[in-house]
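Subject: Structure handover

Dear colleague,

Please find below the sequence and the structure that I promised to pass on to you. My notes on what turned up in it follow directly after.

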Amino acid sequence: QVQLVESGGGLVQAGDSLRLSCAASRRPYVMGWFRQAPGKERDFVAAIRWIGGTITYTDSVKGRYTISRDNAKNTMYLQMNSLKPEDTAVYFCASASGYRATYDYARDYDYWGQGTQVTVSS
């Protein structure tokens, strides 16, 4: 069992920045960020492989978001810059314990954080 604890959400204005954190109780194979807006599915945002650091992003956040990790703390971060109202959602971190063919879908992950609200006003 892996516990994931998120922090860092909040209410900001368009163009502002936020940094989310997700601390894992055990080193994962891959960690990812997803977001879910009201009435919508949980969508992939970014993922990072713990060994090697391979990173992927969904197209809508490329150039604005940066995913990173601190190996010593088993903590993942999501730096979100130039935020837009359409970025408003509950953001979830997730971890996968082993190899998968992809890490772009919620079904690819084994454990989930509690979610943190990010609200971007126009």
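In this predicted model, strand β1 pairs with strand β3, which covers residues 18–24, and the two run antiparallel and are joined over four bridges. One of the positions you can look up there is L4, whose bridge partner in β3 is A24. Both strands belong to an open sheet of four strands, in which the order is β1-β3-β8-β7 and the pairing is antiparallel. The edges of this sheet are formed by β1 (4–7) and β7 (65–70), each of which pairs on one side only, and from one strand to the next the twist averages 15°.

The cysteines concerned are C22 and C93, with their sulfur atoms 2.1 Å apart. The bond links distant parts of the chain, since C22 sits in strand β3 and C93 in strand β9 (residues 89–96), 71 residues apart. The disulfide is right-handed, because the torsion about the S-S bond of C22 and C93 is about 55°.

Turning to charged side chains, a search of the whole structure gives four salt bridges. In one of them the side chains of D87 and R35 meet, at 3.0 Å from N to O. Since D87 lies in the loop between β8 and β9 while R35 belongs to strand β4 (residues 30–36), this pair ties together parts that are 52 residues apart in sequence. Are the two partners buried or exposed? D87 has a relative accessible area of 1% and is therefore buried, and R35, at 13% relative accessibility, counts as buried as well, because the cut-off for that term is under 20%. You will also find that R35, R64 and D87 are linked in a network of salt bridges.

Another salt bridge joins D110 and R100, whose closest N and O atoms are 2.7 Å apart. Here D110 and R100 both lie in the loop between β9 and β10 (111–112), so the pair ties together parts that are 10 residues apart in sequence. D110 is partly exposed, with a relative accessible area of 35%, and R100 is likewise partly exposed, with a value of 22%. There is also a salt bridge between K62 and D59, with the closest N and O atoms 3.0 Å apart, and in this pair D59 counts as exposed at 58% relative accessibility.

Finally, I would draw your attention to N71, which lies in the loop between β7 and β8 (75–80). With a relative accessible area of 31%, N71 is partly exposed. Which residues does N71 touch, leaving aside its neighbours within four places in sequence? The contacts of N71 are then with R27 and W50. R27 is 44 residues away from N71 along the chain, and the C-alpha atoms of the two are separated by 8.0 Å. With W50, the side chain of N71 makes a polar contact of 3.3 Å, and a polar contact of 3.2 Å joins the side chains of N71 and R69.

Technical notes: Residues are numbered from 1 along each chain as its sequence is written. This is a predicted model: local features need pLDDT of at least 70, side-chain atom pairs count only at pLDDT 80 or more; totals for chains, interfaces and linings use all residues. Side-chain values use heavy atoms; hydrogens and water are left out. Two strands pair if DSSP finds at least two bridges between them. Axes are lines fitted to C-alpha atoms, for helices over the stretch in contact, and angles run from 0 to 180 degrees between N-to-C directions. Buried means under 20% relative accessible area, exposed over 50%, partly exposed in between (1.4 Å probe, protein chains only). Contact means heavy atoms within 4.5 Å. A polar contact is a pair of N or O atoms within 3.5 Å; within protein, one must be able to donate a hydrogen and the other to accept it, and residues adjacent in sequence count only if both atoms are side-chain atoms. A disulfide is a pair of cysteine sulfur atoms within 2.5 Å.
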